[in-house]
Amino acid sequence: MNRHIQDAVSKVPEVTLLFWIIKIGATTLGETGGDAVTMSMNLGYLIGTGIFAVIFLIAVMAQIKASRFHPFLYWLTIIATTTVGTTLADFADRSLGIGYLGGSTLLLALLMASLAIWYKTLGSVAIDTVHSPKAEMFYWITIMFSQTLGTALGDWAADSAGLGYRGAAVVFGALLAIVAAAYFWTKISRTALFWAAFILTRPLGAVVGDFLDKPTNAGGLAWSRYTASAALLSFIVICLLTFRQAPAKRMH
């Protein structure tokens, strides 16, 4: 298969430094945007989850029906997964009363189950194999679980574990650095490292988002959730307009 055809059938971006920069921005936006709807608009976690779930489903269907990679559509879908992940995790942790640790444990089990079923069904969970509707469905379900887990894990680290927003950001940032070092200096599975990094960017984004919009007496910067969300969305759009993202290359 020549490269032109490879690019035509690949609808996810190549994993580069730009990918991770935008991913962290998108996960942070998911936190501030989700909280803006559920808290600042006073709609609550259940209604907020319903709104973002509809957006998520529409975005995923559009992504799957697309014939090629569209950067704006892809990142819209990522943002949809991270906003619904934020509100869903908050609903489970707070409204259902299972707590951050209980929510994190449940979501980790769902994430591992999603990856296991995906692998058993298609034989690989590598990003370069996401080129069929079935693979894309597994990909987006897994991402949604990872985004929801990240919210619960970030809240647990910042609040229950007593690390605070800055401390939790340092911890998750350090864990990401370890994954990056493993990528460059070990032979650990690149697929495993990708998913480890993908999962860790979400709690990092969650605590950074909380740091931006929480009151100063709670350790935050006291930005408006709307201001923080607008700034993050503008940053993502500027990145997409300034830098070209190539589709992921199929290796198999």
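This is a predicted model: local features need pLDDT of at least 70, side-chain atom pairs count only at pLDDT 80 or more; totals for chains, interfaces and linings use all residues.
Residues are numbered from 1 along each chain as its sequence is written, and side-chain values use heavy atoms, with hydrogens and water left out.

Helices here are DSSP runs of H or I with at least four residues, numbered from the N terminus. Axes are lines fitted to C-alpha atoms over the stretch in contact, and angles run from 0 to 180 degrees between N-to-C directions. On the helix 3 side, the contact (heavy atoms within 4.5 Å) is made by Phe56, Val60, Gln63 and Ile64, and on the helix 6 side by Pro133, Glu136, Met137, Trp140 and Met144. By class, that comes to 7 nonpolar, 1 polar and 1 charged residues. Ala, Val, Leu, Ile, Met, Phe, Trp, Tyr, Cys and Pro count as nonpolar, Asp, Glu, Lys and Arg as charged, and the others, Gly among them, as polar.

Next come helix 7 (residues 164-185) and helix 8 (residues 190-213), whose axes come within 9 Å and cross at roughly 160°. Helix 7 and helix 8 are therefore roughly antiparallel too, but their crossing is left-handed. Residues in this contact include Phe172, Leu176 and Val179 of helix 7, along with Leu200, Leu204 and Val207 of helix 8. The class tally is 18 nonpolar, 2 polar and 3 charged residues.

Alanine 169 sits in helix 7. Setting aside neighbours within four places in sequence, alanine 169 touches Leu204, Val207 and Val208. Its C-alpha lies 8.5 Å from that of alanine 158, 11 residues away in sequence.

As for helix 2 (residues 17-40), its 24 residues reach 33 Å from first C-alpha to last, close to the 34 Å expected at 1.5 Å a residue, a span worked out as 1.5 Å times one less than the number of residues. Helix 2 is largely enclosed by the rest of the structure, because 18 of its 24 residues are buried (under 20% relative accessible area, with a 1.4 Å probe and protein chains only). Just after helix 2, asparagine 42 takes a positive phi of about 60°.

Methods
Helices (H or I, at least four residues) and strands (E, at least two) are DSSP runs, numbered from the N terminus. Angles under 35 degrees count as roughly parallel, over 145 as roughly antiparallel, 65 to 115 as roughly perpendicular and the rest as oblique. A crossing is left-handed if the near helix is turned anticlockwise from the far one by less than a right angle, and right-handed if clockwise. Buried means under 20% relative accessible area, exposed over 50%, partly exposed in between (1.4 Å probe, protein chains only).
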